Amino acid sequence: MSTNGGATPLEVVIAGGGVAGLEAVTALRALAGGRVRITLVTPESEITYRPMAIAEPLDPGAARSHPLAEIAADFDVDLVPGVLDWVSDALWRARPDGA
């Protein structure tokens, strides 16, 4: 992972741990490296590759689930369980529910 030359990393919040959220994590980490601090907010603890779920009656191992905590650790992402309660572009702040 690249460094940012000692500058404070830009903080990025990604809402949702589905396919789009994880694609955003991987793309952002690949493009920005250590210049960003990524927080993933999601109520889910794992992701299931849903297109394979239709094959489950025929092959019980078809739809695999992957723990989001492991994926977050692999990409140096802070994982916050919950959903976003509000986002303020004027204040540059986001708050998970209950926070």
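How do the residues of the lining of the largest pocket divide into nonpolar, polar and charged? I opened my notebook with this question and looked up the pocket after a survey of the chain. I note at the outset that the model is predicted.

**Entry 1: the chain as a whole**

I counted the elements of the chain and recorded two helices and seven strands. Reading along the sequence, I wrote down the pattern β-α-β-β-β-α-β-β-β. I then looked up burial, and 25% of the 99 residues count as buried.

I turned to strand S2, which spans residues 36–42. Is this strand mostly covered or mostly open? I found S2 mostly covered, with six of its seven residues buried.

I next looked up the strands that pair with S2. Strand S1, residues 10–15, runs parallel to S2 and is joined to it by six bridges. Within this pairing, I noted that Ile14 stands opposite Leu40. Strand S5, residues 77–81, also runs parallel to S2, and here I recorded five bridges. Thr39 has Asp78 in S5 as its bridge partner.

I also followed the path from S1 to S2. Helix H1, residues 19–32, belongs to this path, and S1, H1 and S2 make a β-α-β unit that is right-handed.

**Entry 2: Val36**

I selected Val36, which is found in strand S2. Why does Val36 count as buried? Its relative accessibility is 9%, and buried means under 20%, so Val36 falls in that class. I then compared sequence and space for Val36 and Glu11: they are 25 residues apart in sequence, while their C-alpha atoms are 5.7 Å apart.

**Entry 3: the salt bridge**

How many salt bridges does the structure hold? I found one. The side chains of Arg37 and Asp78 meet in it, with a distance of 2.9 Å from N to O. The pair links distant parts of the chain, since Arg37 lies in strand S2 and Asp78 in strand S5, 41 residues apart. As background, I wrote that side chains of opposite charge can pair when their charged atoms come close.

Asp78 has a relative accessible area of 32%, so Asp78 is partly exposed.

**Entry 4: a loop residue**

I looked up Asp76, which lies in the loop between helix H2, residues 68–74, and S5. Its phi is positive, about 55°, although Asp76 is not a glycine.

**Entry 5: the largest pocket**

I returned to my opening question. The largest pocket has a volume of about 410 Å³. I recorded 15 lining residues, of which Glu11, Val13, Trp92, Arg93 and Ala94 are the closest to the centre of the pocket. The elements that give two or more residues to this lining are S1, S2, strand S6 (84–88) and strand S7 (93–96). Which element gives the largest share of the lining? I found that S1 does, with four residues.

The answer to the opening question is that the lining divides into nine nonpolar, two polar and four charged residues.

Note on methods:
Residues are numbered from 1 along each chain as its sequence is written. This is a predicted model: local features need pLDDT of at least 70, side-chain atom pairs count only at pLDDT 80 or more; totals for chains, interfaces and linings use all residues. Side-chain values use heavy atoms; hydrogens and water are left out. Buried means under 20% relative accessible area, exposed over 50%, partly exposed in between (1.4 Å probe, protein chains only). Two strands pair if DSSP finds at least two bridges between them. A crossover is right-handed if, with the strands pointing away from the viewer, the path from the first strand over the helix to the second runs clockwise. On a 1 Å grid over the protein atoms alone, a cavity is a set of points where a 1.4 Å probe fits but cannot get out, and a pocket is an open set with protein on both sides within 12 Å along at least five of seven lines; lining residues have an atom within 4 Å of a point. Grid points are joined across faces, edges and corners, and a volume is the space filled by probe spheres set on the points. Ala, Val, Leu, Ile, Met, Phe, Trp, Tyr, Cys and Pro count as nonpolar, Asp, Glu, Lys and Arg as charged, and the others, Gly among them, as polar. A salt bridge is a side-chain nitrogen of Lys or Arg within 4 Å of a carboxyl oxygen of Asp or Glu.
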